[in-house]
Amino acid sequence: MTVATWPIELPKPERESWQSSPQESRLKRNNEAGPPSYRSRFSSVADQVSLSILVDRNGKAIFDRFHRSTTSRGSKPFYMPDPTTDGWKLYAADGRPLLTAAGRQILLSARWLCMFGDTMPAEAIVGVEFRKSFSVWVMP
C-alpha cells in the first residue's frame, strides 16, 4: 500500500490556529475519598492536532482534491511535513546557525503519519482567500 503525501503546493499551517493534545490513554478510578487516580490503558498514544491554512482558489482546489480523492474523504492515512520541525533552521548550543561545508544553512526535516481528524474540514472566506480548518491524528 502506498501512503499518500501532503501536497507540496499547500502552505504551512497558520501559527495562531495551531493546537495539539495527546489522546486520552488513562483509565480513571474513582476512589471513595480524595482525588481520583489513574492508570495507563495503553502506551501507543496518538496526538490530535488542529490546524488551518490560508489558500487562494487554486490552493482550495488542491486541498479539496487531496481530501476528497487522495484520502477518500479522510479515510486513508497520509504523510505530512511536521510544521513544528520541518524546514526550521538548525542552531548550535551557542546560537550560531549550523552550516554545510558549502556555507548553506542546515534545515531540520520531519514528517508525520496522519489521518484526518474526527470532524470534516471546514472552510471560511477571508477576503479573496479561503481558510481551511481541520484536525489530524498524528500516529505514534
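I sorted the lining of the largest pocket by residue type and got 4 nonpolar, 1 polar and 3 charged residues. The model I am reading is a predicted one.

**Pocket.** I looked up which residues make up that lining. They are Lys-12, Pro-13, Glu-14, Arg-15, Trp-18, Pro-83, Thr-84 and Trp-88. For the space inside the largest pocket I noted about 170 Å³.

**Strand pairing.** I followed strand E5, residues 47-55, to its partners. With strand E2, residues 19-22, E5 pairs in the antiparallel sense over 4 bridges. As an entry point to this pairing I took Ser-21, whose bridge partner in E5 is Gln-48. E5 also pairs with strand E9, residues 129-138, again in the antiparallel sense and over 9 bridges. Here I marked Asp-47, which stands opposite Val-138 in E9.

**Nonpolar core.** I then asked which members of the largest nonpolar core touch the most other members. Out of 19 residues, the answer is Trp-6, Phe-78, Met-80, Phe-134 and Val-136. At least two residues of this core come from each of E5, helix H1 (57-70), strand E6 (78-81), strand E7 (111-116) and E9. I listed the contacts of Trp-6, leaving out residues up to four places away in sequence. Trp-6 touches Ile-53, Phe-63, Phe-66, Phe-78, Tyr-79, Met-80, Pro-81, Phe-116 and Phe-134.

**Loop between H1 and E6.** I checked phi in this loop. Most residues other than glycine have a negative phi. Ser-72 lies in the loop between H1 and E6 and has a positive phi of about 50 degrees, though it is not a glycine. Arg-73 lies in the loop between H1 and E6 as well, with a positive phi of about 60 degrees, and it is not a glycine either. Are these residues buried or exposed? I put Ser-72 down as partly exposed, because its relative accessibility is 30%. Arg-73 is exposed, because its relative accessible area is 53% and the cut-off is over 50%.

**Ser-25.** I found Ser-25 in the loop between E2 and strand E3 (26-29). Its relative accessibility is 14%, so Ser-25 counts as buried, the limit being under 20%. Setting aside residues up to four places away in sequence, I recorded that Ser-25 touches Arg-39, Ser-40, Arg-41, Phe-42 and Val-45.

**Arg-29.** I placed Arg-29 in strand E3. It counts as partly exposed, because its relative accessibility is 41%. Beyond its neighbours within four places in sequence, Arg-29 is in contact with Pro-36, Ser-37, Tyr-38 and Arg-39. For one of these, Arg-39, I noted the separation: 10 residues in sequence and 7.9 Å in space, C-alpha to C-alpha.

**Ala-122.** I located Ala-122 in strand E8, residues 122-126. With a relative accessible area of 41%, Ala-122 is partly exposed. Which residues does Ala-122 touch, not counting those up to four places away in sequence? I wrote down Arg-131, Lys-132 and Ser-133. Trp-18 is one of the residues lining the largest pocket.

Notes
Residues numbered from 1 in each chain as written. Predicted model: local features only at pLDDT ≥ 70, side-chain atom pairs only at ≥ 80, totals over all residues. Heavy atoms only, no water. 1 Å grid on protein atoms, 1.4 Å probe; cavity = no way out; pocket = protein on both sides within 12 Å on 5 of 7 lines; lining within 4 Å. Points joined across faces, edges and corners; volume = space filled by probe spheres on them. Nonpolar A, V, L, I, M, F, W, Y, C, P; charged D, E, K, R; others polar. Pairing = 2+ DSSP bridges. Core = buried A, V, L, I, M, F, W, Y, C linked by side-chain atoms within 4.5 Å. Buried < 20%, exposed > 50% of the residue type's maximum accessible area, 1.4 Å probe, protein only. Contact = heavy atoms within 4.5 Å.
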